[in-house]
Amino acid sequence: MTSKEKMKKTSEEKRTPEQEKKQASESDFEEVAEAAEVQGDEKEIPEAAESEEDSMTVKYMRLLADFQNFKKRTAKERDDICQYANENIMTELLQVLDNFERALEHDCLDDKYRDGMEMIFRQLTDVLQKAGLKEIEALGEDFDPNFHNAVMTEDNPDYESGKVSDVMQKGYTLNNKVIRPSMVKVNN
């Protein structure tokens with residue numbers, strides 16, 4: 001190997017990827033120009049450049065569409081996370097809400113104490129409703145397995161067949177998503 005060939009080889013090794021792309025595109029252009037000279041057709045070069053430009057435009061449009069889809073998908077995921085971030089704490093608070101209701105069902109000798117407990121209960125339910133919690137209406141409604149969990153059946157003349165005749169545990173939705181179905185008795 002001569003010293004000239006060694007210098008050329010080391011200069012080729014030190015090239016950046018941008019320089020390699022530039023050289024590759026220049027060599028492609030030179031090949032097209034040589035082919036046009038051989039054929040004697042001067043229109044060949046602009047068509048090749050035009051087709052390369054078209055292919056780059058198509059690639060750009062596809063990349064842009066992919067990026068827009070990515071943005072939409074991440075925005076939807078972010079909205080879902082924000083909307084249902086409170087789901088775990090809400091399910092835990094439902095137990096507190098149930099216990100409050102059970103406590104208020106019992107008689108109390110001190111009316112002021114009972115009034116205070118009812119005020120706290122109303123305040124808690126108002127806060128939960130503002131956060132998107134909604135009670136599932138069940139008593140007297142048609143049985144819907146999406147919202148109700150039938151644990152018993154009974155023959156009750158007050159209700160039609162297939163209607164919910166008793167609610168054993170209230171069900172709730174959070175932002176229109178069922179987080180706990182109602183536990184119900186269904187009339188035969």
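Thr 173 lies in strand β4 of this predicted model. Strands are DSSP runs of E with at least two residues, helices are runs of H or I with at least four, and both are numbered from the N terminus. Thr 173 counts as buried, at 9% relative accessibility. Buried means under 20% relative accessible area, exposed over 50%, and partly exposed in between (1.4 Å probe, protein chains only). Leaving aside neighbours within four places in sequence, Thr 173 is in contact with Gly 132, Leu 133, Lys 134, Ile 136, Phe 147, Val 178 and Ile 179. Contact means heavy atoms within 4.5 Å.

Residues are numbered from 1 along each chain as its sequence is written. Local features need pLDDT of at least 70 and side-chain atom pairs count only at pLDDT 80 or more, while totals for chains, interfaces and linings use all residues; side-chain values use heavy atoms, with hydrogens and water left out.

The loop between β4 and β5 (177-180) holds Asn 175. Phi of Asn 175 is near 50°, a positive value in a residue other than glycine. Asn 175 is partly exposed, at 22% relative accessibility. Asn 176 is also found in the loop between β4 and β5. Its phi is near 70°, again positive in a residue other than glycine. Asn 176 is exposed, with a relative accessible area of 72%. Most residues other than glycine have a negative phi.

The largest nonpolar core has 11 residues: Met 90, Leu 94, Leu 97, Phe 100, Leu 104, Phe 121, Leu 128, Leu 133, Tyr 172, Leu 174 and Ile 179. The elements that give two or more residues to this core are α4 (87-105), α5 (111-130) and β4 (172-174). Helix α4 supplies the largest share, five residues. A nonpolar core is a set of buried Ala, Val, Leu, Ile, Met, Phe, Trp, Tyr and Cys residues joined through side-chain atoms within 4.5 Å. In soluble globular proteins, nonpolar side chains tend to be buried together. Not counting residues up to four places away in sequence, Ile 179 touches Glu 87, Met 90, Thr 91, Leu 94, Leu 133, Tyr 172, Thr 173 and Leu 174.

The count of aromatic pairs comes to one. The rings of Phe 100 and Phe 121 have their centres 5.9 Å apart and their planes at 50°, so the pair is tilted. Rings of Phe, Tyr and Trp (its six-membered ring) pair if their centres lie within 6.5 Å; planes under 30 degrees apart count as stacked, over 60 as edge-to-face and the rest as tilted. The pair links distant parts of the chain, with Phe 100 in helix α4 and Phe 121 in helix α5, 21 residues apart. Phe 100 is buried, with a relative accessible area of 16%. Phe 121 is buried too, at 15%.

Leu 93 is found in helix α4. Leu 93 is partly exposed, with a relative accessible area of 28%. Leu 93 and Leu 124 are 31 residues apart in sequence and 9.5 Å apart in space, C-alpha to C-alpha.

Met 61 has its place in helix α3 (residues 44-84). Met 61 is partly exposed, at 47% relative accessibility. Tyr 60, Met 61 and Leu 64 make a nonpolar surface patch of about 300 Å².

Note on methods
Patches are made of residues with over 30% relative accessible area and no salt bridge: like charges are joined within 9 Å, nonpolar side chains (Val, Leu, Ile, Met, Phe, Trp, Tyr) within 5 Å. Accessible areas come from the Shrake-Rupley method with a 1.4 Å probe; for residues, only the protein chains shown count as cover. A salt bridge is a side-chain nitrogen of Lys or Arg within 4 Å of a carboxyl oxygen of Asp or Glu.
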